[in-house]
Amino acid sequence: KGPPAARRRALDRVLEAASPGFAEDLSGYQHALAQRNALLRRVRAGLASEASLPAWEAPMVELGARVARARREGVEALAEPFAAWLADLGGGPGGTLRLETSPSGLGDVAGADLEDHLAATLAERRPREIQAAQTLSGPHRDDVWIGAGAADLRREGSQGEQRTAALALLLAARDHLRARAARPILLLDDVLSELDPVRRRLLLEAVRDGGQTLVTTADPGAADALDAPPDAVVRVEEGRLHA
């Protein structure tokens, strides 16, 4: 429910772990973006020529196309397990993930044409971006649409629905990493407090067989409804650990 940057970062962290080279591409794109934005400010102030902008636009186009392609493929890979986990956690059918690209038409562009489309967009919007002194479109403004059916859970979901969707996305990311990189350790810090008893039980059952999972909670009876107890329970009382 926060700004797009948080959802973008959540997706990028998964891709950084599962897709070799993505972290370097993203870092290079962000560096070129920062340099272009600094140059846009100088051009607006009359301290530099507009003709100097293409020098930073070239790496933005090349690296931005790679970032856009990886994000597209990542969201496509996460969509099906997200929908399955959302249903399993009590969030209902019709779970949907969709990449909201910037510029908006980029999602319909074939992978081989991404660079040309990004280059044309930068050239077309250059006068406006000089006035704004910042790059107004590009992969740095992507967002992830998270929904159930036709409902946009980012804006229309209740606190419990949003929490359930976030957990479904986390479990989908765990499955994605397990298939492509290594089995991750799942850390869930006080996620049970905003879930009703049914969804709480569904979550705890869901994480039981997916690898090592650490769950913290302030409710000492959180696991009482499980068919089998957790592998280990550690209590913290007055600053001391009790196994």
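These are my notebook entries on what I looked up in this structure, which is a predicted model.

**Entry 1: the whole chain.** I began with the overall make-up and found that the secondary structure comes to seven helices and seven strands. Reading along the sequence, I noted the pattern α-α-α-β-α-β-β-α-α-β-α-β-β-β. I then looked up the extent of the C-alpha trace, which spans about 70 × 40 × 30 Å along its principal axes. Of the 243 residues of the chain, 40% count as buried. I also looked up the contacts between residues at least 6 apart in sequence, and 69% of these join residues at least 24 apart.

Entry 2: I turned next to a sheet of three strands, which is open, has the order 1-2-3 and is paired in antiparallel fashion. Strand 1 (95–100) and strand 3 (151–152) each have a single partner strand and stand at the edges, so one side of each is left without a neighbour in the sheet. Between strand 1 and strand 2 I found six bridges, and in this pairing L97 stands opposite I146 of strand 2. Strand 2 (residues 143–148) is joined to strand 3 by two bridges, and A148 has A151 of strand 3 as its bridge partner. These two strands form a hairpin with two residues between them, and in the turn I noted that G149 has a positive phi of about 65 degrees.

**Entry 3: strand 2.** Are the residues of strand 2 buried or exposed? I found six of the six buried, so strand 2 is largely enclosed by the rest of the structure. In a regular strand, side chains alternate between the two faces of the sheet. Here D143, W145 and G147 point one way, while V144, I146 and A148 point the other way. I also noted that helix 1 (residues 4–18) lies across strand 1 and strand 2, and that its direction is at about 90 degrees to strand 2.

**Entry 4: helix 3 against helix 4.** Lastly I looked at how helix 3 (residues 54–88) packs with helix 4 (residues 114–132), and found an angle of about 130 degrees with the axes 9 Å apart. That angle makes helix 3 oblique to helix 4, and the crossing of the two is right-handed. On the side of helix 3 the contact includes P54, M60, V61 and R72, and on the side of helix 4 it includes L114, L118, L122 and R126. I noted that the residues of this contact divide into nine nonpolar, one polar and six charged.

Notes: Residues are numbered from 1 along each chain as its sequence is written. This is a predicted model: local features need pLDDT of at least 70, side-chain atom pairs count only at pLDDT 80 or more; totals for chains, interfaces and linings use all residues. Side-chain values use heavy atoms; hydrogens and water are left out. Axes are lines fitted to C-alpha atoms, for helices over the stretch in contact, and angles run from 0 to 180 degrees between N-to-C directions. Helices (H or I, at least four residues) and strands (E, at least two) are DSSP runs, numbered from the N terminus. Angles under 35 degrees count as roughly parallel, over 145 as roughly antiparallel, 65 to 115 as roughly perpendicular and the rest as oblique. A crossing is left-handed if the near helix is turned anticlockwise from the far one by less than a right angle, and right-handed if clockwise. Contact means heavy atoms within 4.5 Å. Ala, Val, Leu, Ile, Met, Phe, Trp, Tyr, Cys and Pro count as nonpolar, Asp, Glu, Lys and Arg as charged, and the others, Gly among them, as polar. Two strands pair if DSSP finds at least two bridges between them. Buried means under 20% relative accessible area, exposed over 50%, partly exposed in between (1.4 Å probe, protein chains only).
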